[in-house]
Amino acid sequence: MSLPQSLRTSITPPELEFIASQQLIEIIPLIAMEKTAFISGAFGPLQPPRRAKIPLWIAINLKLKKKCHIVAPEWLSVEFLQSRLDEELSEPGYSRLPFRYAEVSKVLLDVASDDIQNTDKIRSLLKDLREARQAKSREGLEELNRSELSLSNLSSMEINEIRPFFVHAMGILTHLHRDASTED
Amino acid sequence: MDNDYFSIDAILAENQKVQCKFKQRIPEMGHLGGGSERDITPLNKRQIPIWLAYIIIYSDWADFDIPRPFSNKVRNALRAEPRSVRLSNLVGAGTGWYVFGKTIMDMLGDEQGVEMSEMLVTTFKGRLVDVIDQAQHFAALGPVGGGGGGGIDSAPQMFREGLDTTERELFVLAQESAWRMKKWYEESSGGTKRVS
């Protein structure tokens with residue numbers, strides 16, 4: 001592989017953001033557009049003021065040109081995130097969150113903060129969620145063994161963050177292990 | 001750290017010497033131990049590198065003792081507190097304690113081998129969490145370097161200096177991924193796009 005060493009271990013966060021941007025999101029367009037063909041499919045037509053579902057990357061583009069308003073997904077609200085945070089803090093497993101919540105939430109908060117209510121509270125809730133989940137990953141690290149590890153409900157960004165050293169550590173544990181019945 | 005022929009870690013580990021006690025007389029090999037004798041007589045002790053000792057031991061010409069980095073003294077210290085032992089000092093520079101341990105373990109018989117494997121695994125797991133913690137703390141200082149902490153925290157710094165080569169690799173991996181995450185969270189997705 002011709003990738004530099006540091007990029008071989010995992011995907012980079014901007015790449016994950018790119019992949020997450022293909023998800024559909026609802027917008028309120030301010031301009032009209034006919035049904036247009038893109039590589040991934042045909043979207044539109046956009047007829048203000050009717051809502052439409054388009055990929056996130058188109059939505060971001062239009063928003064930056066001030067040609068639409070983005071409708072926040074239902075999980076990006078104070079009530080939902082607060083209830084998930086409470087669940088996170090009280091239960092040992094990870095709570096269920098949309099798989100790409102980190103990427104989508106960061107992008108929407110950066111681009112469309114005027115379309116979302118209580119952005120400060122949401123930002124702080126997301127940060128708390130992230131830290132609570134990181135603390136759980138740290139505990140999971142102590143349980144590491146060489147054969148398997150199951151952490152359900154981790155989001156894609158979190159998986160990507162811990163994958164390099166978790167996998168490497170599991171490899172080392174495999175090397176260091178010695179069965180009583182083999183050898184000699 | 002494999003049994004891979006080309007693995008650099010394995011080659012370096014096999015260069016370490018172990019103390020061997022010969023059981024048979026071997027003519028004209030006295031120069032191996034750096035001594036001045038011509039032959040090796042039985043019950044003679046010599047320091048032999050592992051890559052040579054493999055064959056000698058499998059052909060039953062000598063026995064070897066468990067080398068100093070894995071002696072009982074070290075074992076007890078590790079059982080008491082794995083994080084306080086400086087693994088980088090125990091074996092010479094360039095080799096890891098874990099890699100050397102694995103090489104020795106492969107040569108030992110079942111019972112001692114399993115004991116050794118348990119010691120290695122318990123030590124590794126005991127130190128792992130600290131390695132990762134420190135790596136994430138250091139993510140703030142940038143992807144490379146950050147070795148000099150100004151001497152403010154000396155206990156973590158001593159732990160870092162005592163890290164084995166395998167642990168250092170893990171440290172770098174964790175540090176890089178934490179740094180990448182931090183960088184991504186800080187940069188804005190909307191600001192850099194051109195607005196036409």
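Q: Which residues of the largest nonpolar core touch the most other members?
A: Of its 53 residues, Cys20(B), Trp97(B), Ile104(B) and Phe124(B) do. A nonpolar core here is a set of buried Ala, Val, Leu, Ile, Met, Phe, Trp, Tyr and Cys residues joined through side-chain atoms within 4.5 Å. Buried means under 20% relative accessible area, exposed over 50%, and partly exposed in between, with a 1.4 Å probe and protein chains only.

Q: Which helix gives the most to this core?
A: Helix H6 (residues 110-138) of chain B, with 11 residues. Helices (H or I, at least four residues) and strands (E, at least two) are DSSP runs, numbered from the N terminus. The core also draws at least three residues from each of domain 1 (2-16 + 67-188) and domain 2 (17-66) of chain B; the domain bounds come from an automatic or database domain assignment.

Q: Before we go on, what am I looking at?
A: This is a predicted model, in which local features need pLDDT of at least 70 and side-chain atom pairs count only at pLDDT 80 or more, while totals for chains, interfaces and linings use all residues. Residues are numbered from 1 along each chain as its sequence is written, chains are lettered from A and ligands numbered from 1 in the order in which they are written, and side-chain values use heavy atoms, with hydrogens and water left out.

Q: Back to Cys20(B). What is in contact with it, leaving aside neighbours within four places in sequence?
A: The list includes Asn44(B), Ile48(B), Ile57(B) and Phe64(B). Contact means heavy atoms within 4.5 Å.

Q: Now the two chains. How many residues does the contact take from chain A and chain B?
A: It takes 38 from chain A and 40 from chain B. The area buried between them is about 3800 Å², with carbon and sulfur atoms giving 64% of that. Buried area is the accessible area (1.4 Å probe) that two parts lose on being put together, summed over both.

Q: How many salt bridges across that interface?
A: The rule finds one, where the side chains of Asp133(B) and Arg138(A) meet at 2.5 Å, N to O. A salt bridge is a side-chain nitrogen of Lys or Arg within 4 Å of a carboxyl oxygen of Asp or Glu.

Q: And between the two domains of chain B, what area is buried?
A: About 1100 Å², of which carbon and sulfur atoms give 67%. Glu14(B), Pro67(B) and Met107(B) supply 50% of the area that domain 1 of chain B buries against domain 2 of chain B, more than any other three residues.

Q: How many salt bridges over all chains?
A: The search of the whole structure finds 15. One of them joins Lys106(A) and Glu17(A), with the closest N and O atoms 4.0 Å apart. Lys106(A) sits in helix H4 and Glu17(A) in helix H1 of chain A, 89 residues apart.

Q: Is that pair buried or exposed?
A: Lys106(A) and Glu17(A) are both buried.

Q: What about Arg127(B), which residue does it form a salt bridge with?
A: Glu167(B), with the closest N and O atoms 2.8 Å apart. Arg127(B) lies in helix H6 and Glu167(B) in helix H8 (residues 165-186) of chain B, so the pair ties together parts 40 residues apart in sequence. Arg127(B) is buried at a relative accessible area of 0%, and Glu167(B) is buried at 1%.
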